[in-house]
Amino acid sequence: MKVSDLISGDPKFIKLLSPKLDIESRTIGNWRSLAAEFGIRKQKTEQFGLRGSGPTGALFLYMRTAEGLHDLTMEQLRSHFLEMERKDLVNLLDKRKFQG
């Protein structure tokens with residue numbers, strides 16, 4: 001399953017991740033570190049924090065159409081969460097069976 005399909009088809013997906021990624025922390029991986037994992041430039045990333053949908057929501061909406069990210073699979077997203085040492089997010093994906 002592609003992340004872009006899930007974003008379009010299941011608004012609960014972003015609502016589940018946002019409280020865990022919208023945090024401001026230098027020690028816990030958040031939406032900024034996820035954007036960095038995807039190679040999104042810092043200048044673009046900072047724009048996500050200015051949007052009304054919240055930074056995580058803005059990041060995933062951007063990913064839905066961004067070159068190289070719109071084909072991201074749930075398994076790849078899970079791998080990024082592992083790289084960020086966010087087992088809580090990995091467990092969330094596994095529990096919800098999102099990786100497909």
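How many positive and negative side chains does the protein chain have, and how far apart do the centres of the two sets lie?

## Charge and surface

The protein chain carries 17 positive and 13 negative side chains, with 5 Å between the centres of the two sets. These values come from a predicted model.

About 5,900 Å² of the protein chain is accessible surface, and carbon and sulfur atoms account for 49% of that area. Of the 100 residues, 42% are buried.

## Overall fold

The protein chain contains seven helices and zero strands. Its radius of gyration is 12 Å, close to the 13 Å given by the globule rule for 100 residues, so the chain is as compact as a globular protein of that length. Along the principal axes, the C-alpha atoms fill a box of roughly 30 × 30 × 20 Å.

Among contacts with a separation of 6 or more, 63% are between residues 24 or more positions apart.

## Salt bridges

The structure has six salt bridges. One of them joins Glu 24 to Arg 32, with the closest N and O atoms 2.7 Å apart. Glu 24 is exposed, at 59% relative accessibility, whereas Arg 32 is partly exposed at 30%. Arg 32 also forms a salt bridge with Glu 46, at 3.1 Å from N to O. Arg 32 belongs to helix α3 (residues 31–37) and Glu 46 to helix α4 (residues 42–48), so this pair ties together parts 14 residues apart in sequence. Glu 46 is partly exposed, with a relative accessible area of 31%.

Another salt bridge pairs Asp 94 with Arg 78, the closest N and O atoms being 2.8 Å apart. Asp 94 is in helix α7 (residues 87–96) and Arg 78 in helix α6 (residues 74–83), 16 residues apart. Asp 94 is partly exposed, at 22% relative accessibility. Through shared partners, salt bridges connect Glu 24, Arg 32 and Glu 46 into one network.

Methods. Residues numbered from 1 in each chain as written. Predicted model: local features only at pLDDT ≥ 70, side-chain atom pairs only at ≥ 80, totals over all residues. Heavy atoms only, no water. Helix = DSSP H or I, 4+ residues; strand = E, 2+ residues; numbered from the N terminus. Rg over C-alpha atoms; globule rule 2.2 N^0.38 Å. Buried < 20%, exposed > 50% of the residue type's maximum accessible area, 1.4 Å probe, protein only. Contact = heavy atoms within 4.5 Å. Areas by Shrake-Rupley, 256 points an atom, 1.4 Å probe, with all protein chains shown as cover. Lys, Arg positive; Asp, Glu negative; His and termini not counted. Charge placed at Lys NZ, Arg CZ, Asp CG, Glu CD. Salt bridge = Lys/Arg side-chain N within 4 Å of Asp/Glu carboxyl O.
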